Amino acid sequence: MAPGYREILLRPAINCGIAEVECRVKTVLGTVECSYIAQEDGVAIHIAVPHGATATLVLPHETNRVLAPGTYDFLTH
């Protein structure tokens with residue numbers, strides 16, 4: 001979304017039929033991480049945003065979330 005990965009768009013395809021996905025991208029600001037695991041009670045999502053960046057997390061049927069630098073864990077139903 002912005003040069004140098006300062007603004008990151010994360011749109012994991014949690015409804016695609018794949019039970020587990022893990023992705024890491026090394027950037028000049030640090031490593032961006034996005035992973036999910038389908039569980040019986042929902043989908044566990046892990047996000048890591050490096051310092052100096054923000055990320056927008058887009059999930060089906062939910063309001064977009066703007067994430068500051070840090071690590072996040074969500075459970076979506």
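Q: Let's say a nonpolar core is a set of buried Ala, Val, Leu, Ile, Met, Phe, Trp, Tyr and Cys residues joined through side-chain atoms within 4.5 Å. Which residues of the largest nonpolar core touch the most other members?

A: Leu10, Ile45, Ile47, Leu57 and Leu67 do, out of 16 residues in that core. Buried here means under 20% relative accessible area, exposed means over 50%, and partly exposed is in between (1.4 Å probe, protein chains only).

Q: Which elements give two or more residues to this core?

A: Those are β1, β3 (30-39), β4 (42-49) and β5 (54-57). The largest share, 4 residues, comes from β4.

Q: Before I go on, what kind of model is this?

A: It's a predicted model, where local features need pLDDT of at least 70 and side-chain atom pairs count only at pLDDT 80 or more, while totals for chains, interfaces and linings use all residues. Residues are numbered from 1 along each chain as its sequence is written, and side-chain values use heavy atoms, with hydrogens and water left out.

Q: Switching topic: what's the radius of gyration?

A: The protein has 12 Å, which agrees with the value near 11 Å that a compact globule of 77 residues would have. That radius is taken over C-alpha atoms, and the globule rule is 2.2 Å times the number of residues to the power 0.38. The C-alpha trace spans about 35 × 25 × 20 Å along its principal axes.

Q: What share of the residues is buried?

A: Buried residues make up 32% of the 77. As for surface, the protein exposes about 5000 Å², with carbon and sulfur atoms supplying 55% of it; areas come from the Shrake-Rupley method with a 1.4 Å probe, and for residues only the protein chains shown count as cover.

Q: What about Arg6, where does Arg6 lie?

A: In the segment before β1 (7-10). Arg6 is partly exposed, since its relative accessible area is 46%. Not counting residues up to four places away, Arg6 touches Leu29, Gly52, Ala53 and Thr54. Its C-alpha atom is separated by 9.5 Å from that of Thr27, 21 residues apart along the chain.

Q: Now backbone angles. What is phi of Tyr5?

A: Near 60 degrees, a positive value in a residue other than glycine. Tyr5 is in the segment before β1 and is partly exposed, as its relative accessible area is 43%. His61 is not a glycine either, yet has a positive phi of about 65 degrees.

Q: Where is His61 found?

A: In the loop between β5 and β6 (65-67). His61 is exposed because its relative accessible area is 83%.

Technical notes:
Contact means heavy atoms within 4.5 Å.
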